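Please read this briefing alongside the sequence and the three-dimensional model.

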Amino acid sequence: MGATEAQTPYLAAYFLNPKVQAGHRLADAPEGAAHQTTDPATLDKGKELFAENCAACHSSKAPPLPASIDLNACNGSGYLDCWNEYWRWAQTPDFKSQMVEIVKAPDFLDGNYLSTDMRVPVTLLETNACSPLATNAIAGNVWDNFSSQSYKDLPSVGEIRVRDPFNGKEKKFKMPAGGRGYTRVPSLIALWSTAPYLVNNSVGPFTGDPSVAGRMKAFDASIEQMLWPERRMRDSEFGKGGVFLIDRTTVSSYLIVPGGFLPDGLRALIDPLSRWLPSIFGEGELRIGPIPKGTPVNLLSNTELYKDDVTLAENLPRYAELISLLKTALKDLKSLPANAGDEEAKKAFANLAMPLLDLSKCPDFEVNRGHYFGTGKVAGTTALTDDDKKALIEFLKTF
Ligand code: HEC
């Protein structure tokens with residue numbers, strides 16, 4: 001028996017332990033009760049608002065699906081149509097009144113995973129697209145065998161709007177088909193303890209304090225930012241124009257890629273290149289810089305050195321483009337005096353910045369955008385009042 005197999009019963013026993021299964025309620029935590037209201041009217045209001053605005057995605061207890069949604073047609077290429085139909089139904093008085101009953105039932109939280117586990121198109125979420133754009137599980141990639149055929153058959157969610165990090169302007173980006181473009185709904189169990197929020201932990205502060213009080217401090221600030229997006233952090237350069245936070249380098253930096261991480265086609269070129277261009281291809285590594293302070297980090301971290309879904313021959317023009325890009329960069333960066341300031345580095349880097357944006361796998365830079373449910377920014381929904389939001393938050397604390 002393998003080690004993993006031998007340990008499996010312990011893992012099963014852990015998950016079957018009633019203490020683990022019950023979740024960790026704030027009310028049961030030391031001093032937890034001090035952070036919660038017991039006012040029944042407030043909690044009742046919170047339940048209604050949760051039922052009408054959140055439960056379509058964040059509850060595993062739900063009304064029966066209407067006959068117009070044929071689950072047999074929903075897998076793979078038919079998924080988006082089914083999702084849209086489901087989302088339309090979730091806005092109807094029929095769905096909402098049934099859901100209110102379910103949420104108000106005294107056993108609503110018992111055995112509720114607080115998620116539907118559905119894939120939500122990022123066009124509806126408007127969240128940062130880089131996680132839904134991840135390529136690991138698509139056909140022909142490293143986790144190909146761990147993802148389903150129905151995932152690989154998913155249609156494109158359509159176009160999203162992204163901000164250009166160099167001028168703050170909005171542009172469109174077409175999301176690919178083949179699995180990317182969706183985010184599954186996370187569970188909200190013990191939400192009080194898990195701030196900051198969203199898949200990239202970008203909404204709310206990280207306090208680094210695991211005490212109940214420390215977690216509640218992070219919860220309060222994070223859930224406020226979720227429901228009042230105008231309280232979220234803004235970009236240091238274009239925040240006044242409404243651009244959300246863009247992670248930018250805080251000091252002048254270098255990008256170093258060890259030869260072993262370069263795709264085969266490029267690695268073969270390192271040797272001759274390090275002979276011709278020793279200052280960017282040092283000891284078998286690719287070294288680009290100085291990259292000026294204020295450069296968007298994702299510009300560098302999401303460079304698509306090779307296309308995932310095409311052959312080596314088809315990738316060759318891309319390598320040629322990359323090489324010419326590097327040559328230009330070298331010329332510009334080499335012309336910098338040793339004690340160059342940020343402004344000079346910025347000018348020298350400018351020729352590299354635009355092409356890098358074209359080569360980016362995910363040209364979406366605002367990290368803490370989206371998930372506007374309850375704010376009225378989602379088509380077909382209405383904004384909650386400040387008092388409504390506060391009542392909803394009180395109910396969320398009981399999860
Ligand atoms: C259309 C489906 C949908 C609706 C409606 C919805 N959510 Fe979400 N929610 C999601 C998805 C998907 C995510 C994950 C997004 C991400 O991380 O990028 C999420 C994430 C969250 C998170 C962060 C969880 C974490 O651990 O990071 C919170 C909190 C949350 N939702 C609360 C709410 C509340 C409160 C409402 C109602 C006002 C609501 N949601 C309505 C789909 C939905």
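This is a predicted model: local features need pLDDT of at least 70, side-chain atom pairs count only at pLDDT 80 or more; totals for chains, interfaces and linings use all residues.

Residues are numbered from 1 along each chain as its sequence is written, and side-chain values use heavy atoms, with hydrogens and water left out. Helices (H or I, at least four residues) and strands (E, at least two) are DSSP runs, numbered from the N terminus.

**Packing of helix 3 and helix 5**

- The axes of helix 3 (residues 40-53) and helix 5 (residues 93-104) come within 8 Å and cross at roughly 135°, where axes are lines fitted to C-alpha atoms, for helices over the stretch in contact, and angles run from 0 to 180 degrees between N-to-C directions.
- Helix 3 and helix 5 are therefore oblique to each other, given that angles under 35 degrees count as roughly parallel, over 145 as roughly antiparallel, 65 to 115 as roughly perpendicular and the rest as oblique.
- The crossing of helix 3 and helix 5 is right-handed; a crossing is right-handed if the near helix is turned clockwise from the far one by less than a right angle, and left-handed if anticlockwise.
- On the helix 3 side, Asp44, Lys47, Glu48, Phe50, Ala51 and Glu52 make the contact, and they meet Phe95, Lys96, Met99, Val100, Val103 and Lys104 in helix 5, with contact meaning heavy atoms within 4.5 Å.
- The residues of this contact of helix 3 with helix 5 divide into 6 nonpolar, 6 charged and no polar, where Ala, Val, Leu, Ile, Met, Phe, Trp, Tyr, Cys and Pro count as nonpolar, Asp, Glu, Lys and Arg as charged, and the others, Gly among them, as polar.

**Disulfides and other cysteines**

- The structure holds 2 disulfides, a disulfide being a pair of cysteine sulfur atoms within 2.5 Å, and with the bonded cysteines numbered in sequence order the pairing is 1-2, 3-4.
- Cys74 is joined to Cys82 with an S to S distance of 2.0 Å, and this link is left-handed, with -85° about the S-S bond.
- Both Cys74 and Cys82 are buried, a class that means under 20% relative accessible area, with exposed over 50% and partly exposed in between (1.4 Å probe, protein chains only).
- The sulfur atoms of Cys130 and Cys362 are 2.1 Å apart in their disulfide, and the torsion about the S-S bond is about -90°, so this disulfide is left-handed as well.
- Because Cys130 lies in the loop between helix 6 (122-125) and helix 7 (149-152) and Cys362 in the loop between helix 12 (342-358) and helix 13 (386-396), the pair ties together parts that are 232 residues apart in sequence.
- Cys130 is buried at a relative accessible area of 19%, and Cys362 counts as buried at 3%.
- Cys54 is also buried, with a relative accessible area of 16%, as is Cys57 at 9%.

**Backbone geometry**

- Most residues other than glycine have a negative phi, and most peptide bonds are trans.
- The peptide bond from Ala195 to Pro196 is cis, with omega near 0°, and Pro196 lies in the loop between strand 4 (182-184) and helix 8 (212-227).
- Asn201, although not a glycine, has a positive phi of about 50°; Asn201 lies in the loop between strand 4 and helix 8 and counts as partly exposed at 48% relative accessibility.
- His371, likewise not a glycine, has a positive phi of about 55°; His371 is found in the loop between helix 12 and helix 13 and counts as buried at 18% relative accessibility.
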